[in-house]
Amino acid sequence: MAFPERFSNLPEYAFPRLRGLLDSHAPGGEAIAMTIGEPRHAMPDFVGPVLAQSLAEFGKYPANDGTPELLAAISAWLKMRYRADVAPDRIMALNGTREGLFNAAIALCPEAKNGQKPVILIPNPFYQVYAVAAATVGAEAVFVPAAEETGFLPDYASLPPEVLDRAAIAYLCSPANPQGAVASRGYLSALLTLAEKHDFIIFADECYSELWRTAPPPGALEVANDEGHDPERVVVFHSLSKRSNLPGLRSGFCAGGRECVRRIRQLRAYAGAPLPLPIQRVSERAWADEAHVVENRRLYAEKYAIAEEVFAGVNSFRLPDAGFFLWLPVEDGEAAALKLWRETGVRVLPGAYLSRDVNGENPGKGYIRVALVAPKEETQRGLILLRDCLYK
């Protein structure tokens, strides 16, 4: 039996790999999970009533692109949040952003670029769907370190011109998962200019955009709009998972230039799974409401403060600019995660599981990722155990 080779070199996914590392060892205390980025704050109180009111719509086929009401709500949110006028026909509703980040590459990556195999640029470490998308379309994935010396963001401009000339798509996650770094307006402006010079599209994964610590992160569409860049140069991806504590709703959207979105819509009409209408009704309400988002940020701010207090005096510690992950330096991420589990019961993710080896180097090897999603008391207890185990 023949199978495709393009996925044969995929490493084991992060969480099965973590289970293989830890589960044969007994925890050193009551288990505290700080691994997966699954929000655990209360979902908005309007979700149940809106869902109940629209239950009968499970009996209808949903609109593939998104209902007019949902697209209008997203358009209004983009205007409010980023001062960007994005018409509904430049927006596509998604089953969360993971499927969008994957399918957009299929819809928009050409078979060849300047007569050669196309390149997809990926920050390293990264959200793992980026690499699978590159493999699916037969592109060469070029992993670019997003390390401390580059502000935990990829320095795509440092790549050789011959690589950039083959680039079709560049993924960017800001605020970054796992490091929590935010791309400044200057960074985004320079990346847009680079994309225009070398003719590639930026896929801006902005799923953590509303979980900021001191100031709202700028967005790629915002900068493109303000500076007059071609709107086809960028596609942004947003989700209700983190913003609204609705990871199980599987609801998000992408927005970009009219032609890019037309092509994404066209492919999705054949191969996509539209959001059920009751889910779209809840999503419409969520994008139109900011009160629950403000409260969500307040709860994360309390946990930022806890982390800052617990790690006071640990010179290597830095708070993230946004998001809900700590990216903590250690000598070896796997060894630290195993030691922490065996001695305390705290479960964290080795940074290397989110990165790829390039020329024998893995930029995530010397880190662990710690999710600040549990209630305050549990978060505090886990961080104290972690500090005392690894940093004293």
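**Pocket lining.** I looked up which helix gives the most to the lining of the largest pocket: H4, with four residues. Helices here are DSSP runs (H or I, at least four residues) and strands likewise (E, at least two), numbered from the N terminus. A pocket is an open set of points on a 1 Å grid over the protein atoms alone, where a 1.4 Å probe fits, with protein on both sides within 12 Å along at least five of seven lines; lining residues have an atom within 4 Å of a point.

**Source.** I noted that this is a predicted model, where local features need pLDDT of at least 70 and side-chain atom pairs count only at pLDDT 80 or more, while totals for chains, interfaces and linings use all residues. Residues are numbered from 1 along each chain as its sequence is written, and side-chain values use heavy atoms, with hydrogens and water left out.

**Pocket, continued.** I found 27 lining residues, with Ile36, Gly37, Tyr127, Tyr208 and Lys242 nearest the centre. Helix H1 (14-22), helix H4 (96-108) and helix H9 (240-243) each give two or more residues to this lining.

**Helix pair.** I checked helix H7 (residues 185-198) against helix H8 (residues 220-227): their axes (lines fitted to C-alpha atoms over the stretch in contact) lie 9 Å apart, at an angle of about 70 degrees on a scale from 0 to 180 degrees between N-to-C directions. H7 and H8 are therefore roughly perpendicular (65 to 115 degrees).

**Sheet.** I traced three strands in an open antiparallel sheet, in the order E9-E12-E11; strands pair if DSSP finds at least two bridges between them. Five bridges join E9 to E12 (residues 367-371). Proline 329 stands opposite tyrosine 367 in E12.

Technical notes: Angles under 35 degrees count as roughly parallel, over 145 as roughly antiparallel, 65 to 115 as roughly perpendicular and the rest as oblique.
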